Amino acid sequence: MSADPVRNDPVSTNATSTNAASADAADPEAAARTRFEPPMGAESGPFWEATREGRLLVQWCTACDRGLFYPRTLCPHCGAPGPLEWREASGRAIVHAAVVEHRPELAGAAFAQGKPFCIALVDLEEGVRMMTNVVGCPPGDVTIGMAVTVTWEPLSDGRQLALFGPAGPAGPAREDADPS
Ligand SMILES: [Zn+2]
């Protein structure tokens with residue numbers, strides 16, 4: 001991904017929004033949303049349905065015993081068509097890379113309440129990398145190697161977006177947090 005926050009290529013910030021501005025012009029409902037809502041396809045259906053219950057699923061190749069993300073029909077590691085199955089992830093991850101978007105208006109007028117936000121690549125314990133936003137701390141405080149845990153942002157149709165926040169006491173409050 002682009003590491004240059006000044007360039008503001010909207011494609012490089014697609015964890016948050018792609019062409020939100022053009023969609024807003026034609027769709028007043030879309031304009032009222034604060035965030036681009038990803039479509040749900042055939043491969044990603046189980047992933048999105050599980051988010052309704054706050055469960056983070058990772059697709060798993062039973063041929064080579066490795067996880068994969070994003071969802072697809074062929075394993076990118078070994079090329080086998082599977083069988084691919086779904087496994088629930090722990091929600092624990094480490095930040096691989098992070099940038100701060102200083103112009104949230106480019107992701108939609110109301111996005112991030114107009115404040116800078118963090119776009120990150122995080123490595124899940126299960127060995128897959130996801131693009132996401134890190135929330136629950138100042139965006140400039142997100143560092144490479146930082147431990148984070150999943151937290152959920154509701155979408156308009158009942159699905160939820162998997163975001164991540166600092167792990168531990170400073171992290172976002174979670175009812176199911178492990179007290180240990
Ligand atoms: Zn495989």
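Predicted model: local features only at pLDDT ≥ 70, side-chain atom pairs only at ≥ 80, totals over all residues.
Two residues are in contact here when their C-beta atoms, placed from the backbone, lie within 7 Å.

View 1. Residue numbers start from 1 along each chain as its sequence is written. The protein has three helices and eight strands, with the elements running α-α-α-β-β-β-β-β-β-β-β from the N terminus. Helices (H or I, at least four residues) and strands (E, at least two) are DSSP runs, numbered from the N terminus. Of the 180 residues, 27% count as buried. Buried means that 20 or more other C-beta atoms lie within 10 Å of a residue's own; exposed means 12 or fewer, partly exposed is in between, and the C-beta atoms are placed from the backbone.

**View 2. The largest nonpolar core, with its 29 residues.** A nonpolar core is a set of buried Ala, Val, Leu, Ile, Met, Phe, Trp, Tyr and Cys residues joined through C-beta atoms within 7 Å. Val95, Cys118, Ala120, Val122, Val134 and Phe164 have the most contacts inside this one. Elements giving two or more residues to the core include helix 3 (45-51), strand 1 (57-61) and strand 8 (160-166). Strand 5 gives the most, with six residues. In general, nonpolar side chains in soluble globular proteins tend to be buried together.

**View 3. Zooming in on Cys118.** Which residues does Cys118 touch, leaving aside its neighbours within four places in sequence? Look for Ala98, Val100, Asn133, Val134, Pro139 and Val142.

**View 4. The hairpin of strand 5 and strand 6.** These two strands pair in the antiparallel sense over six bridges; to count as paired, two strands need at least two bridges found by DSSP. Four residues sit between them, and Gly127 in the turn has a positive phi of about 95°. Across the pair, Ala120 stands opposite Thr132 in strand 6. Is Thr132 buried or exposed? Thr132 counts as buried because it has 23 C-beta neighbours inside 10 Å. The C-alpha atoms of Thr132 and Val122 are separated by 7.3 Å, although the two residues are 10 apart along the chain.

**View 5. An open sheet of three strands, in the order 2-1-3.** The pairing in this sheet is antiparallel. Strand 2 (66-68) and strand 3 (84-88) are the edge strands, each pairing on one side only. From one strand to the next, the twist averages 45° (axes are lines fitted to C-alpha atoms, for helices over the stretch in contact, and angles run from 0 to 180 degrees between N-to-C directions). Strand 1 and strand 3 share five bridges, and Trp60 has Glu85 in strand 3 as its bridge partner.

View 6. Most residues other than glycine have a negative phi, and most peptide bonds are trans. Asp65, in the loop between strand 1 and strand 2, has a positive phi near 60°. Asp65 counts as exposed because it has 9 C-beta neighbours inside 10 Å. The peptide bond joining Phe69 and Tyr70 is cis, with omega about 5°. Tyr70 is found in the loop between strand 2 and strand 3.
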